[in-house]
Amino acid sequence: MAAASERVGVGAMQAPGDGAGGADGADGAQILDDGAGGATGSAGSSSGPGNPGGRDGTATSGTVAGEAPQVEGASPAPRQGGEASASASASASGDASEKQVLEFALTVPFLCYVDAELTYQYLTSSAECYHEAVHTELTVIGSDLFIRLTAEDPVLLQISTASLLNQLSMVVQTMQHLVPAIFSRPRPGKGG
Amino acid sequence: MPAVLGFEGSANKIGVGVVRDGAVLANPRRTYVTPPGTGFLPGDTARHHRAVILDLLQEALTEAGLTSQDIDCIAYTKGIAGRLTIEEHTWSLARSEWPAALCYHHYTTTPAPPFTSLTFPSSVFPSVCRILTPISIPLGPGMGAPLVSVAVVARTVAQLWNKPLLGVNHCIGHIEMGRLITGATSPTVLYVSGGNTQVIAYSEHRYRIFGETIDIAVGNCLDRFARVLKISNDPSPGYNIEQMAKRGKKLVELPYTVKGMDVSFSGILSFIEDVAQRMLATGECTPEDLCFSLQETVFAMLVEITERAMAHCGSQEALIVGGVGCNLRLQEMMETMCQERGARLFATDERFCIDNGAMIAQAGWEMFRAGHRTPLSDSGITQRFRTDEVEVTWRD
C-alpha cells in the first residue's frame, strides 16, 4: 500500500435547494466510469461498514448533529472496488430507541493521489452547512477517496448523498474529458 | 490580452463563452425545453446541463481556436439576484412611497440599511405596518442544482488547468455584455428576464437597484401565462407569446401595478389565469388578444419605472438586458419613451440578451483585470446574490 497520506475534511453538506421548484430530487447513486475506479454508491444497501482505514475513529473537527455515530463492524482497512454501504447505527448517546443515525459511506479509488486530492479539494470546498443536519467526512488515503455522510433525517441524507454523487460524477467526468491520458494508464497494484 | 472562459447555467440555458479584450471569440449555448404547459424543474435542468456542458466546453474552445494554455481565467455564475429579506422587502415597499430624492440618498449607501435603523415619515407607517404581518416574501430566482452543476465543472477546470477562478454575478454579466455590445457608457439599465426584473443605475462603484419587482419577474409572469394557454416552450414561451401578440386586436384591461419605483406581477398573473379560460370560452377574446393585452400592460409598467429612474438620475441612455429584452414590442415602447425624453435606447439581440456564457466571460474579464479572484474556499454558489453586493472596481 502506498504511503498513507491522509487528508480529512469535515463539514456539513448542503442539499442544493432552489428558488422555484423545491429541493432537488435525489437522482440516486450514479455508477462512476471505470476509469475512476467503478465506485458505486447506494444509500439503501446495508452491506458492511464504510469506515475507512487511516482514521483512528477519533472525531474530526466540524459540526455534527448530536453525537458522532459509531459504525457497527467498522473495518480498519480501506475497501477495494468502491463498494458503498449505508447502515443505521444507534446514537452514541445511549438512548438508542429514540434516534437512529443513518450513514452513507463510499470509497472511490483513483489512479493516483493527485486525482484523489483534486476531487477531495473540490468536494471539501463545496461542503456547506445544511441546518447542521448532515455531517460529511472526506478522507484521502493514498489514491483512494473515502466519503461518509451521516444524518438522522433520511430525506436529508438522501438528498445530500444524491447531490454529492452528482458533483463527484461531474468532477470525474470533467477530469476524464480534459485529461484522458491519465485515465488510460494502468493502475499499479490495482489490477487495472 | 487576457482571455476568459465563462460558464453560465443558472436557468434552463447553458452556455460556455470565450472573451478576449472585448471580442467574443465563442458563445455556444443549449436550451432545455420542456413540453407545453410545463416549466423546468431544478433536477431535470441540472441533469440536462451535466449532459451537455463538457461538449459545450470543447465547442467553445474549438470555435475560439484556443487551448487551455491560452485561457487566463475561468469565470462562472456564482449567483443570480436573489430573494429579498423581510427587511429589504419592507424597505422596497417603503421606498415606493418615499420621495425619489430620499430614495437616491439612501441608495448611495448600499446595501439598504437594516429595517431597525430606518426612520419612516408618518405617511409611510401604514404601509410599513401592513408589511409586518406574515406575508409571503418574494423568493428570488437562482436554481441551485443547475448552478451547482456548472460550478462543479468550472472549478474542476480551474484546478486542472491551474487558472484563477472568478465567481460572477449573473446580473452584472448581463450589464457588462450589454455595455460591451452596444457601447452604452452609463445607461439606466432595465434588466428583465424569467428570473429578474430590476431597474439599475451605476453609482459610486456599485450597480444600484432603483426599482424592481416585489414578487415575480416579468419573464416568469409571461412564462406562467404561456403554460395556461399551453403555448409551446420552443424556442421559448416569451418568444411565442410575442408572435401571438402581434396578431392580437383587442386590449383587455388588466391590473396595472406600479408601486413607486417598483412593480408587481403576481396580481396580474393571478387575474389573467383566472379570467383567461372564461373569456376564451365565451368568445370575449382570443388567445392572441390576451397575449397582446398582457404584453402591453406589463411592458407599460416597466417603461414607467424605467422612465422614473431616468428622470431621477438625469440619464440620457437606457439599456435593456435579459431574455425579455429580446422582445421587439418592449424595445419599441422603450424607444418611444426615450425619444420623448431625448434619450438613446440600447438593446442587444438574442445572442446576448438571453443567458449566455460570453456575458459571464465578459464580466469575468473586467473583474480579472481589476484584480478580483475567487478562492476555492469561496467558490460555492448562492441563490441570493444581489446586484448591488458587488463592488464594481473596474469602473470609475
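## Basis of the model

The structure is a predicted model in which local features need pLDDT of at least 70 and side-chain atom pairs count only at pLDDT 80 or more, while totals for chains, interfaces and linings use all residues. Residues are numbered from 1 along each chain as its sequence is written, chains are lettered from A in the order in which they are written, and side-chain values use heavy atoms, with hydrogens and water left out.

## Chain A

The secondary structure of chain A comprises three helices and five strands, where helices (H or I, at least four residues) and strands (E, at least two) are DSSP runs numbered from the N terminus. Read from the N terminus, the order of elements is β-β-β-α-β-β-α-α.

Chain A has 192 residues, of which 49% count as buried; buried denotes under 20% relative accessible area with a 1.4 Å probe, protein chains only. Among contacts in chain A (heavy atoms within 4.5 Å) with a separation of 6 or more, 75% come from residues 24 or more positions apart.

## Domains of chain B

Chain B is divided into domain 1 (3-88 + 127-174 + 354-378) and domain 2 (184-353), with bounds from an automatic or database domain assignment. The contact between them takes 23 residues from domain 1 and 24 residues from domain 2. Their centres, taken over C-alpha atoms, are 23 Å apart.

About 1700 Å² is buried between the two domains, and carbon and sulfur atoms give 58% of this area; buried area is the accessible area (1.4 Å probe) lost by two parts on being put together, summed over both. One salt bridge is counted between the domains, the term requiring a side-chain nitrogen of Lys or Arg within 4 Å of a carboxyl oxygen of Asp or Glu. The side chains of B:Glu350 and B:Arg29 form a salt bridge with an N to O distance of 3.0 Å. On the side of domain 1 that touches domain 2, helix H6 of chain B gives the most, with four residues.

## Helix H13 of chain B

Helix H13 (residues 357-369) of chain B has 13 residues and spans 18 Å from its first C-alpha to its last, close to the 18 Å expected at 1.5 Å a residue; the expected span is 1.5 Å times one less than the number of residues. Of these 13 residues, 12 are buried, including B:Trp365, B:Met367 and B:Phe368. The elements covering the buried residues include strand E1 (3-8), strand E5 (73-79) and helix H6 (170-182) of chain B.

At the start of H13(B), a side-chain oxygen of B:Asn356 comes to within 3.2 Å of the backbone nitrogen of B:Ala358. Just after H13(B), B:Gly371 adopts a positive phi of about 95 degrees.

Definitions and conventions:
Buried < 20%, exposed > 50% of the residue type's maximum accessible area, 1.4 Å probe, protein only. Polar contact = N/O pair within 3.5 Å; in protein donor to acceptor, adjacent residues only side chain to side chain.
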